[in-house]
Amino acid sequence: GSEMCIRDRWDVYTVNKDGTNMQRITETEHNEGYPVWSPDGKMLAYTADKNGIWNIFLINLETKESRPITNTLTGCEQLSWSRDGAKLVFVSFSNRGYDIYMIKNPLNIESEKIQLKNTVYFEELEKQKSKRKKTEKEFLALTSESPEEATPDLSRYIFDRTFRDKN
């Protein structure tokens, strides 16, 4: 079935200067932005709000494998890679302002140790999605005309005499 889109979703694409050969690099349920090429052209660093906060990810352009290399509380923006690939610079909010930070040897970060936990906002979104899906299933069960389907649990519904004449 179709799912209603609540917000726009950003993904990362590559395209030639003349507008040809557009290719989608990321295709996830979350947003991605600020892409920067590694000096050797094999990797792309970008930010993504996978857990509700913009963290830095690396994607191998050959294998399309992506992994986080930061787990911040205030988000990362405006990435810049050094020419030798040994440093990645970004800005992040700190003490009522933006500060510049540097990651040494970003390609060597072991992302298995980075556990991105969903923010409270994302946890609430997941709860709302779950409730909506359950309600949709109950509604479909009530309106189904197929005899093979099980009778829905109606214990949570109120049947009032005032509605008898209208239904």
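**Entry 1: ground rules**

Two strands count as paired if DSSP finds at least two bridges between them. Strands themselves are DSSP runs of E with at least two residues, numbered from the N terminus. I am looking at a predicted model, where local features need pLDDT of at least 70, side-chain atom pairs count only at pLDDT 80 or more, and totals for chains, interfaces and linings use all residues. Residues are numbered from 1 along each chain as its sequence is written, and side-chain values use heavy atoms, with hydrogens and water left out.

**Entry 2: confidence**

I checked pLDDT, the predictor's confidence in each residue, from 0 to 100. The chain has a mean of 80, and 74% of its residues reach 70 or more. A contact here means heavy atoms within 4.5 Å.

**Entry 3**

I followed β5 to its partners. Strand β6 (residues 66-68) runs antiparallel to β5, joined by three bridges, and I59 faces S66 across that pairing. Their hairpin has five residues between the strands, and K64 in it takes a positive phi near 65 degrees.

On to β4, which is antiparallel to β5 with six bridges. Here A45 stands opposite L58. This hairpin has six residues between its strands, and G52 shows a positive phi near 100 degrees.

N51 sits in the loop between β4 and β5. Is N51 buried or exposed? I found N51 buried, at a relative accessible area of 2%; buried means under 20%, exposed over 50%, and partly exposed in between, using a 1.4 Å probe and protein chains only. From N51 to N71, 20 residues along the chain, the C-alpha atoms are 9.5 Å apart. As for β5, five of its six residues are buried.

**Entry 4: the open sheet**

Next I looked up a three-stranded open sheet, in the order β7-β8-β9 with antiparallel pairing. β7 (77-81) and β9 (97-104) each have a single partner strand, so one side of each lacks a neighbour in the sheet. β7 meets β8 (residues 87-94) through three bridges, and E77 has V91 as its bridge partner in β8.

**Entry 5: nonpolar cores**

A nonpolar core is a set of buried Ala, Val, Leu, Ile, Met, Phe, Trp, Tyr and Cys residues joined through side-chain atoms within 4.5 Å. The largest one has 12 residues, among them A45, L58, W81, F90 and I103. β4 (43-48), β5 (55-60), β7 and β8 each give two or more residues to this core. A separate second core holds eight residues, including V12, I25, F57 and I59. I also listed what I103 touches beyond four places in sequence: I56, I69 and I109 are among its contacts.

**Entry 6: salt bridges**

How many salt bridges does a search of the whole structure find? I got two, with a salt bridge being a side-chain nitrogen of Lys or Arg within 4 Å of a carboxyl oxygen of Asp or Glu. D11 pairs with R24, with closest N and O atoms 2.4 Å apart. D11 lies before β1 (13-14) and R24 in β2 (residues 23-24), 13 residues apart. R24 also pairs with E27, at 3.6 Å between the closest N and O atoms. D11 is buried at 14%, R24 is partly exposed at 32%, and E27 is exposed at 58%. Through shared partners, D11, R24 and E27 form one network.

Technical notes
Helices (H or I, at least four residues) and strands (E, at least two) are DSSP runs, numbered from the N terminus.
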